Amino acid sequence: MYEGPVQDLIDELGRLPGVGPKSAQRIAFHLLAADPADVTRLQEVLQRVKEGVRFCDVCGNVSEEERCRICRDARRDPTVVCVVEEPKDVLAVERTREFKGRYHVLGGALDPLSGVGPDQLRIRELLARIGTEDVREVILATDPNTEGEATATYLGRMLRDFPGLSVTRLASGLPMGGDLEFADELTLGRALSGRRAV
Ligand SMILES: [Zn+2]
């Protein structure tokens, strides 16, 4: 245990995902030794991200405006919507350069044991979009793990009755149990282009 603010900093850093006690300590001492200007910049960026970043009204991706860059981009095909769990998954799919449609970010996956049901996800918004926009294909790109599969199955059932809508799921080949973001671009790109109807 260190005294006062140093220990507070280590404790706060240790609460971040993927940062264990040792890393927290290393980052804390790095910041202590860093140029004050660097620390100020980090501080400002943290503040700006909480004040200035919001979620896109249409797709739920992180955005600086009411609608995100992808929803505003007229070159993106609005008839194909790729459904993902988190904003980081949008980045993963974008990195493949295989996808030219739009996205819908659910904000997680169904996980009844943790209290996440359909109402906790942006499913109602997805159904509303499909009802009002000219969407012809929905690609279910939830994570290849238990919760992601359960979510895809649930959505597949919900979307079955929309006339003229095809619902597809990423092809197998993604590492099971993993997170979309951990798949390399090539594998994810192949899973995307090899998607099949559900
Ligand atoms: Zn958007």
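## Before we start

Helices and strands here are DSSP runs, numbered from the N terminus. Keep in mind that you're looking at a predicted model.

## The zinc site

Let's start with the metal. Four cysteines hold the zinc ion through their SG atoms: C56, C59, C68 and C71, at 2.3 Å. Along the chain, these donors follow the pattern C-x2-C-x8-C-x2-C. What arrangement do the four donor atoms make around the zinc ion? It's tetrahedral, because the angles they subtend run from 103 to 116°.

Buried means under 20% relative accessible area. C59 has 2% relative accessibility, so it counts as buried. C68 is buried as well, with a relative accessible area of 2%.

## T79 in strand β3

Now hop over to strand β3, which covers residues 77–84 and includes T79. Is T79 buried or exposed? Its relative accessibility is 15%, so T79 counts as buried.

The T79 side chain makes a polar contact with the side chain of D77, at 2.7 Å. If you skip the neighbours within four places in sequence, T79 touches D134, V135, R136 and E137.

Helix α6 spans residues 123–132, and its buried residues are I123, L126, R129 and I130. Looking down the axis of α6, you'd see these buried residues fall within an arc of 120°, so they line one face of the helix. On the other side of α6, R124, G131 and T132 are exposed.

What covers the buried residues of α6? The cover includes strand β3, along with β4 (101–105), β5 (137–140) and helix α7 (146–159).

Technical notes:
Residues are numbered from 1 along each chain as its sequence is written. This is a predicted model: local features need pLDDT of at least 70, side-chain atom pairs count only at pLDDT 80 or more; totals for chains, interfaces and linings use all residues. Side-chain values use heavy atoms; hydrogens and water are left out. Donors are N, O and S atoms within 2.8 Å of the metal (3.2 Å for Na, K and Ca); water is not among the atoms, so sites may look incomplete. Four donors count as tetrahedral if all angles lie between 85 and 135 degrees; four count as square planar and six as octahedral if opposite donors are over 155 degrees apart and all others between 65 and 115; anything else is irregular. Buried means under 20% relative accessible area, exposed over 50%, partly exposed in between (1.4 Å probe, protein chains only). Helices (H or I, at least four residues) and strands (E, at least two) are DSSP runs, numbered from the N terminus. A polar contact is a pair of N or O atoms within 3.5 Å; within protein, one must be able to donate a hydrogen and the other to accept it, and residues adjacent in sequence count only if both atoms are side-chain atoms. Contact means heavy atoms within 4.5 Å. The arc is that of the directions from the helix axis to the C-beta atoms.
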